[in-house]
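User: I'm new to this one. Could you walk me through it with a few questions and answers?

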Amino acid sequence: MYKGRNILLIMICLVGVSLLTFLTLFERSNTGGVADGVRYIVVSEEDGVKTLEFYFKDPDKKSTGTATDAGDVVIISIDDSEFTYTVDKKTFEVGVKPGEGTGDPFAVYTEKLFKLMVKGKDRFIKFWQAITVGAVALAGGAVILFAEEIWHIIHKKGEEEIPEWQDMRGIKVFGGAIIGAAAVLLIVFILI
């Protein structure tokens, strides 16, 4: 009787699982990004040495540099900076080679930029967040799927009485609201 509705719910669940899997497993690369007003792009990579270009809010300003993989650390040299930066590949701590330059080494190029260059951007959502969103959406789908049974429980009617579509409207709207809450929760998790 409800074969079409059940197939629709299964298809929606499969799309939801696919979306959550993509958002959980997809790692955004570290070949480009923006941090504190500075954009970097990896122009080329050869033998563990990346050639970088840096762009700033001022359209006339541009710089180049290199990022060299030296085992446990990445050494970053920028042409217009008197500092050589190091980033630990495990802890992502940013440092400056001692005895170089004067002034604040992070005035133009911030620690956040160097961490982004080595670590890359984080995944869109974490595994526990995907499980939370999936569980809330599944609860909403279950409310819609079992609307007739819930109607019998709420109204204390016998199994022989079959409710009309409009009789179960409130229950189905409630199930839809739970699914909507899952969508809002997903957006919140992506944005934070």
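Here are some questions about rings, a charge and a helix contact in this predicted model.

User: How are Trp-128 and Phe-189 arranged as an aromatic pair, stacked or edge-to-face?
Analyst: Look at the angle of the planes here, which is 70°. Planes over 60 degrees apart count as edge-to-face. With centres 5.5 Å apart, the pair of Trp-128 and Phe-189 is therefore edge-to-face.

User: How many residues apart are Trp-128 and Phe-189?
Analyst: Trp-128 is in helix 3 (residues 127-145), while Phe-189 belongs to helix 5 (residues 169-191). So this pair links distant parts of the chain, and the separation is 61 residues.

User: Is Phe-189 buried or exposed?
Analyst: Its relative accessibility comes out at 9%. The cut-off for buried is under 20%, so Phe-189 counts as buried.

User: Which ring has the charged end of Lys-61 over it?
Analyst: The charged end of Lys-61 is 4.4 Å from the centre of the ring in question. That ring belongs to Phe-56.

User: How do helix 3 and helix 4 run, roughly parallel or roughly perpendicular?
Analyst: Their axes come within 5 Å and cross at roughly 70°. Angles of 65 to 115 degrees count as roughly perpendicular. That's why helix 3 is, relative to helix 4, roughly perpendicular.

User: How many charged residues are in the contact of helix 3 with helix 4?
Analyst: Helix 3 brings Val-143, Ile-144 and Leu-145, and helix 4 brings Ala-147, Glu-149 and Ile-150. Five residues of this contact are nonpolar and none are polar. The charged count is one.

Conventions
Residues are numbered from 1 along each chain as its sequence is written. This is a predicted model: local features need pLDDT of at least 70, side-chain atom pairs count only at pLDDT 80 or more; totals for chains, interfaces and linings use all residues. Side-chain values use heavy atoms; hydrogens and water are left out. Rings of Phe, Tyr and Trp (its six-membered ring) pair if their centres lie within 6.5 Å; planes under 30 degrees apart count as stacked, over 60 as edge-to-face and the rest as tilted. Helices (H or I, at least four residues) and strands (E, at least two) are DSSP runs, numbered from the N terminus. Buried means under 20% relative accessible area, exposed over 50%, partly exposed in between (1.4 Å probe, protein chains only). A charge sits over a ring if NZ of Lys or CZ of Arg is within 6 Å of the ring centre and within 35 degrees of the ring normal. Axes are lines fitted to C-alpha atoms, for helices over the stretch in contact, and angles run from 0 to 180 degrees between N-to-C directions. Angles under 35 degrees count as roughly parallel, over 145 as roughly antiparallel, 65 to 115 as roughly perpendicular and the rest as oblique. Contact means heavy atoms within 4.5 Å. Ala, Val, Leu, Ile, Met, Phe, Trp, Tyr, Cys and Pro count as nonpolar, Asp, Glu, Lys and Arg as charged, and the others, Gly among them, as polar.
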